[in-house]
Amino acid sequence: MTFDQLFPVFLSTEAPVPPEPMSLPFRFVGGFGLDSKTVGIILSIQGAYSLLINMVLVPAILKRLGALRLFRLLIVGYFALYLVTPYLVLLPENYRMVGIALVLVWKCTFANMAYPSNAILTADSAPSHLALGTINGVAASTASLCRAFGPTISGILYSIGLRSGYSGLAWWCSALVAITGAVVGLQVREPRSHLLNTTVDDDAEAGFALEGVRG
């Protein structure tokens, strides 16, 4: 959510004139200075790519890895996306669009796999079908709360960063939040319903094998 709000602003931010002094790896200020039309085209391409991988890539990987394993893989590496993004302004002019494309592919791929994995794990963790409404309601309310405060806080941090000479401030704070989320997410265990289904399947296979021996 923070990425979706920050990235268009980041693309449209003008580089300071004259350039401010840099002190890498953290102190630098920059932006791409793209016009609204170019930013809109980039976001449209992002939407088309998201639609494509949701139809082709996400179902196949979910089926192969399972929701929990895929979720863990994604949250471990998600923070790196926020660490890397602000450094795109340091790329040579000829490679900036390539950097933008790679970051957008990275973000869209991770996000479009994380959301369904999270939804599946949330639904499968319900103690019963009667509790699904309450659980989904709490999950939707929490997501709405993040949508309300995430862009506001990240926007304030981005503004502070530009004024203080650290344009990556909002991104790096988001990376810290992502690390915290990863620590919590790694505590998630396989839903009990999956374990029960696995046990039932194993018992059924054992029963069929025993019947075969008797036969």
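In this predicted model, the contact between α1 and α5 is made by Phe3, Asp4, Phe7 and Leu11 on the α1 side, and by Ile100, Val103, Leu104 and Lys107 on the α5 side. By class, those residues come to six nonpolar, no polar and two charged. The two axes are 13 Å apart and the angle is about 170°. Since the cut-off for roughly antiparallel is over 145 degrees, α1 and α5 are therefore roughly antiparallel to each other.

Asp4 and Lys107 need a separate word. Side chains of opposite charge can pair when their charged atoms come close. Here Asp4 and Lys107 form a salt bridge, with 2.6 Å between the closest N and O atoms. The pair ties together distant parts of the chain, 103 residues apart: Asp4 sits in helix α1, residues 2-12, and Lys107 in helix α5, residues 96-124. How many salt bridges does the structure hold? The count is one.

Are the two partners buried or exposed? Lys107 has a relative accessible area of 8%, so Lys107 is buried. Asp4 has 40%, and is therefore partly exposed.

Let me step back to the whole chain for a moment. The secondary structure consists of eight helices and zero strands, so the order from the N terminus is α-α-α-α-α-α-α-α. The chain has 215 residues, and buried residues make up 31% of them. If you take contacts between residues at least 6 apart in sequence, 76% of these join residues at least 24 apart.

Next, Ile42, which lies in helix α2. Its relative accessibility is 10%, so Ile42 counts as buried. What does Ile42 contact, leaving aside neighbours within four places in sequence? The residues are Leu11, Leu34, Met97, Ile100 and Leu104. Of these, Leu11, Ile100 and Leu104 have already come up, in the contact of α1 with α5. For Leu104, the C-alpha atom is separated from that of Ile42 by 9.0 Å, and the two residues are 62 residues apart along the chain.

Two packed helices are described by the angle between their axes and the distance between the axes. For helix α2, residues 36-55, and helix α3, residues 57-65, the axes come within 3 Å and cross at roughly 40°. That angle makes α2 oblique to α3. On the α2 side the contact involves Leu52, Ile53, Asn54 and Met55, and on the α3 side Leu57, Val58 and Pro59. The division by class is six nonpolar, one polar and no charged.

Two of those residues also meet Thr109. Not counting residues up to four places away in sequence, Thr109 touches Tyr49, Ile53 and Leu57. Thr109 itself is found in helix α5. With Tyr49 there is a polar contact, side chain to side chain, at 2.8 Å. Is Thr109 buried or exposed? At 14% relative accessibility, and with the cut-off for buried at under 20%, Thr109 counts as buried.

Beyond its neighbours within four places in sequence, Ser154 is in contact with Thr2, Gln5, Leu6 and Ala170.

Outside the four places on either side in sequence, the contacts of Gly161 are Tyr166, Ser167 and Leu169. Where does Trp171 lie relative to Gly161? Trp171 and Gly161 are 10 residues apart in sequence, with 9.8 Å between their C-alpha atoms.

To recap the two helix pairs: α1 and α5 are roughly antiparallel to each other, while α2 is oblique to α3. The salt bridge of the structure joins Asp4 and Lys107. That is what I have.

Notes: Residues numbered from 1 in each chain as written. Predicted model: local features only at pLDDT ≥ 70, side-chain atom pairs only at ≥ 80, totals over all residues. Heavy atoms only, no water. Salt bridge = Lys/Arg side-chain N within 4 Å of Asp/Glu carboxyl O. Helix = DSSP H or I, 4+ residues; strand = E, 2+ residues; numbered from the N terminus. Buried < 20%, exposed > 50% of the residue type's maximum accessible area, 1.4 Å probe, protein only. Axes fitted to C-alpha atoms, helices over the stretch in contact; angles between N-to-C directions. Parallel < 35°, antiparallel > 145°, perpendicular 65-115°, else oblique. Contact = heavy atoms within 4.5 Å. Nonpolar A, V, L, I, M, F, W, Y, C, P; charged D, E, K, R; others polar. Polar contact = N/O pair within 3.5 Å; in protein donor to acceptor, adjacent residues only side chain to side chain.
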